[in-house]
Every structure is written in structure tokens, then in C-alpha cells.
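This report describes one protein model, from a single turn to the whole chain. Please view the sequence and the structure together.

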Amino acid sequence: MARLKLNSITKHFGRTTVLPSIDLTVRDGEFLVLVGPSGCGKSTLLRLIAGLESPSSGSIFLDDRDVTSLPPVRRGVAMVFQSYALYPHMTVRENIGFGLRIAGMPTAERKAAVEAVARTLKLEPLLDRLPAALSGGQRQRVAIGRAMVRKPRLFLFDEPLSNLDAELRAHMRLEIARLHRTLGATMIYVTHDQVEAMTLADRIAVLKDGRIEQMGTPDELFHKPANLFVARFLGTPKMNAVAAEITAREGSRLFIRAPDLSPALITIEREWNTLPAPGQHVTLGWRPTRLEDGIETSSEPEILHVEAQIDLVEWLGRSAHITLTTPRGLAFSCETWDHPPRLGEIRRVSIPQGAFMLFGADGRRLS
């Protein structure tokens, strides 16, 4: 296991700045997932940690040892790539043990090490097969085994499941989670798949344009996003959002108008990080709520009722994602666990005021 600390890491490719400045601490034995849209710098950051790229400035510490200038082989780090990168002419046994053979480990010790890893990854029946005779999931396990056998202090995964089909991805997520529990190793995992991030991570770092927007547990990022980007990046369907304006304030109670959502004023009362002023333009966000079946009205002031037309139904078997459009043209998402409604149908959605999040003009969450 290992602790990792990055101090003011920057990376430039010519005149292009990929990482303006990154400060990051990974705890001993932690499973950290780096997520973000394509081009946000997450794979570049992983390659810097591995030693495959050199930072333009800043320092990298592994267990208080400065490894910034060390080559990959001297860092005690193992990396699993998106492509399996197995030697096609070597058996599984030879692929896993190749690095140990190059390092000069005696044959008997190498054989024992490879077999121990094979037992952990359930690869024993496959040791004498060539990669061409393996499935995608089996090849990925061999790639992981090749990293494991070196007993690294830090595991790095660069989108290792992106080449697998949906069923294999789900299976390999379980395998990697089990492996982390078994080894207790420090792992950093790069993905653009938020499902992988939410299910695997102890903590998640969300990147945008080479900067860490927020870092925390999956629960923290989902329920207390720092800004609108994080709020909408995590969650399926993504968070709904609509432009709004603060019309009045009474103590900690705000009166908000969002014309595209409802002609009525929306009242929100809670503790605020920053209390907005009347006239301030904000974004009102809420997670997809359940589609209502009934047409009865409620007099509860904390409930907002919205009527909208069903424009899209994504039926998933036990549930459905519904896209609706208000008369003012605002599209938003709901969920239902009942039989999906018909396209074109007008339905009502009830949104509790406690479901709303408020974001300022700069995108930061106000509540």
C-alpha cells in the first residue's frame, strides 16, 4: 500500500496547457476514481503518476519519497491500460510472469508468484492458453495479473473496461472491487463512466479542463455537489436545470420564479452557503423525481406541480426514464417504476421543494 501526494502539478504540451495546477492526496489503501469528460486531463494525470510523462512543474511523492524524476520501473507503480497489450505469442503464464523474468527472478520463485496471482484472479485453468483463446474479460484479468505479480505499491487503471460489452463490464467491476478488498492496495482508476465511479470509489475526483472541480465520497458528490457541473455530471438521468430569478427574500426564505417550469412562485427555505439577493439570476436544479399517476391536486405549499407532455420513454424493464416538455419548451427528466406512459400524453409531476438545489451565476451551489 502507498500514500500519494501531488503538489502543484502542471503539464503543458507546447502551447497547450492540459493541467493548469493539480494538488491531490490519495490515502493509503484508498480506491480513488478520476472522472470527467473526454479531454479533461485524467489520463494525462495518471501517466504522470506512472512516470510515463514528466510534469512541466510540481512534484510527486509516494510515501514521502519524491519520485518526480524517477523512471517508471523505480516507482513501485503498476498500470493497467485500456488495451490489454498482451504478447500474442506468449501463454497466460508467460504474459503474467514476463516482467519477473526480465527482472531476473529465479524460475521457481517466478512460477510460484504467477500461480498465486492466477489463483486470486481465477486464471488457473487458463495458464497455458494463448491470448487469442481468451474472452475480453479473461484478457483483462491477465493484464491485471501482470500488474499484480510485481507487488506494486500503487495500482493505476486507465479505463480498463471500456473495450468490454455491458455484461462483462458489470462482471469486471465486481472483480476489481473484490480485488481491492482482498489486496487492500492503493488504487487510482480513470474512467468517463459515472456508474463505475459511483460503484467502485472510496472517493471520486471530478475533473474539468484539467482542474479538480470537487473531490469526495460518491454520496457527498451526488447529494452535495460543489457546483452545477458536478451536479449534472453525476447521476443518470442527469440533474434537471432551469434558469430562475430570486424575486424576494424573507429571512432564510427565498421566493423564486422559473417561468419555463411554472408560472407560480417557488418557495425554498433552508440554511444557505451564500444567501442570494432579490434580482439575482440563478439556476434551479433537481434530480429526476417519480412521475405521478394521479391527477389530484395537493394544497401542500412545499410541493410544486408541473404539467408536461411525454416526449421520450426509455423503458429499462423494471423502470423507465421519461423525458417531458413543459408548455414553455423546457425539457426535463422523470422516472417511473410503473408501466411507461404513452408518447404525447400530458402528465403531472410533483416536485418537493426540498429536492431543489440552487446554483449561482458562477455555477457554485448556494444551498
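Which residue takes a positive phi in the hairpin of β9 and β10?

## The β9–β10 hairpin

The residue is Asp209, with a phi near 55°. The model is predicted, and this value, like the others here, is computed from it. Two residues lie between the strands of this hairpin.

Strand β9 covers residues 203-208 and strand β10 residues 211-216. The two strands run antiparallel and are joined by five bridges. Within this pairing, Ile204 of β9 has Gly216 of β10 opposite.

## Asn95 in helix α2

Helix α2 spans residues 92-102 and includes Asn95. The relative accessible area of Asn95 is 0%, and because the limit for a buried residue is under 20%, Asn95 counts as buried.

Beyond its neighbours within four places in sequence, Asn95 contacts Leu86, Tyr87 and Met90, and also Pro131, Val142 and Arg146.

## The protein as a whole

The protein has 367 residues, 49% of them buried. Its secondary structure consists of eight helices and 20 strands. The C-alpha trace spans about 80 × 45 × 35 Å along the principal axes. Among contacts with a separation of 6 or more, 66% link residues 24 or more positions apart.

## Surface and charge

Methods. Residues numbered from 1 in each chain as written. Predicted model: local features only at pLDDT ≥ 70, side-chain atom pairs only at ≥ 80, totals over all residues. Heavy atoms only, no water. Helix = DSSP H or I, 4+ residues; strand = E, 2+ residues; numbered from the N terminus. Buried < 20%, exposed > 50% of the residue type's maximum accessible area, 1.4 Å probe, protein only. Contact = heavy atoms within 4.5 Å. Pairing = 2+ DSSP bridges.
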